[in-house]
Amino acid sequence: MKYDVIVIGAGPGGYVAAIRAAQLGFNTAVVERNELGGICLNWGCIPTKALLKSAQAYHYAQNGAEFGFNAENVTPDLAKMVSRSRGVSATMNAGIGYLFKKNKVTVLAGSGKVLAGKRVSVEDAEGKTEIYEADHIILATGARPVSLPFAPVDGEKIICYYQALVPESLPKSLAVIGSGAIGSEFAFFYRSLGVDVTIIEFQERILPVEDDDVSAQISRSFRKMGMKVMVSSQVKSVDTTGELCKLTVETKKGTEIIEAEKVLSAVGVRPNTEDLGLEALGVEMNRGKIVVDKNYKTNVDGLYAIGDIIPTQALAHVASAEGINCVEAIAGLNPAPVRYDNIPGCTYISPEVASAGMTERAAKEKGINCKVGKFPFTASGKATAAGERDGFIKLIADADTDELLGAHLVGANVSEMIGGIVTARNMGVKAADIMKSVWPHPTMSEAIMEAAAAIHGEAIHC
């Protein structure tokens, strides 16, 4: 059978691309060997947020006296937390199935492989293979966790996010290798439930891609929770032969042995580009990722790639944006390119982290004459009333043009605020425009206006 578009992979890049293709009138099919929604929906973004919400609710219950009520003998029910998390994923998975039916997208269950002549082979769970043709084939196969060579994931003592999402019981202690979004979120979740957590980061600060002030704030927050935070530290080996795992960690002060019941490996992901037929077709690669042009075309006619398998940010919303752009380019709509310098990133710990654009360090390294405006939530009436005073809003603007170069937010629900700043930057809004706009009071979001005012030395309110 022939289709106009076949998408291999039904994650946040693939399913969005398929739906948009169908909306544009293309006869579309999606090849998926596992659950619809990919890692993000089933084993990443969505279920982790459900677990983190449970941890937040547990925190509120534990600290009810602060808000004027008493809750006694509050204990976490891990099985119910995990069950709720899996239920949330199942609900969203069913939603994608509904959208595929609504938009007449055909699902081809199995493993896809690209063949010469714009063909795709699909092998189902029983080993039966079918061959399909398509004018356009989009690869959206995502990524998988990386295992350290000296600490391979065994699913028991050394785990990755798959096992961390569905624990049958809580370990007494957990060592987390890597403090990016995945490592930090799981470190926060397990520590919130009373686990003794050590987080180990090779770089000089945790959340190393964030602004320096953000990293410092989260480091303080983690230590306040009782976590041990180790930076500029490299795990050299992990011994799992005893009752406890023994991690040999090289630090600036020398070698340290860390013991933990379990180890969570959160050191990154590897693109799923194997067994797709890329070598036989001569698809151009660079350091394990597929090379594409501005419209996500590979060097092979009719073959495209999006998401974690190309050299752009490995984020669900980036993959979705690329999928839409790719399909709209195929349809001849000449879409505006994705602005990779304005991609929001969020870490859903407490306080949350959200950012977009340049860090202060990056701006200075580029020699940009910049001004910084910062407003702490300790000065926010709404944050104080909500009991959420940790964090700040930090805006960076070009001192000569007032262009908003970057935004770095730490605080309750800041992931819900960053989208407005991303839109403002896309529209060329200046810091003065934000400062002169009337923001609702009392809100935590008005701290954005105050930070913009601070750039111009005009911060007033609290």
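These legends describe close-up views of a predicted model. Local features need pLDDT of at least 70, side-chain atom pairs count only at pLDDT 80 or more, and totals for chains, interfaces and linings use all residues. Residues are numbered from 1 along each chain as its sequence is written, and side-chain values use heavy atoms, leaving out hydrogens and water.

**View A. The largest nonpolar core has 48 residues.** Such a core is a set of buried Ala, Val, Leu, Ile, Met, Phe, Trp, Tyr and Cys residues joined through side-chain atoms within 4.5 Å. Buried means under 20% relative accessible area, exposed over 50%, and partly exposed in between (1.4 Å probe, protein chains only). I6, I8, F100, I138, L139 and I290 touch the most other members. Apart from this core lies another, of 35 residues, including A55 and I206.

**View B. Around I138.** Beyond four places in sequence, I138 is in contact (heavy atoms within 4.5 Å) with V5, I6, V7, I8, Y304, I306, C326, V327 and I330.

**View C. Helix 3 (residues 45-62) packs with helix 6 (residues 181-192).** Helices are DSSP runs (H or I, at least four residues), numbered from the N terminus. T48, K49, L51, L52, A55 and Y58 in helix 3 meet E185, F186, F188, F189 and S192 in helix 6.

**View D. One disulfide is present.** A disulfide is a pair of cysteine sulfur atoms within 2.5 Å. C40 is joined to C45, S to S 2.4 Å. C40 is buried at 15% relative accessible area, while C45 is partly exposed at 31%. The sulfur of C326 is too far for a bond, because the closest cysteine sulfur, in C40, is 19 Å away.

Note on methods: Axes are lines fitted to C-alpha atoms, for helices over the stretch in contact, and angles run from 0 to 180 degrees between N-to-C directions. Helices (H or I, at least four residues) and strands (E, at least two) are DSSP runs, numbered from the N terminus.
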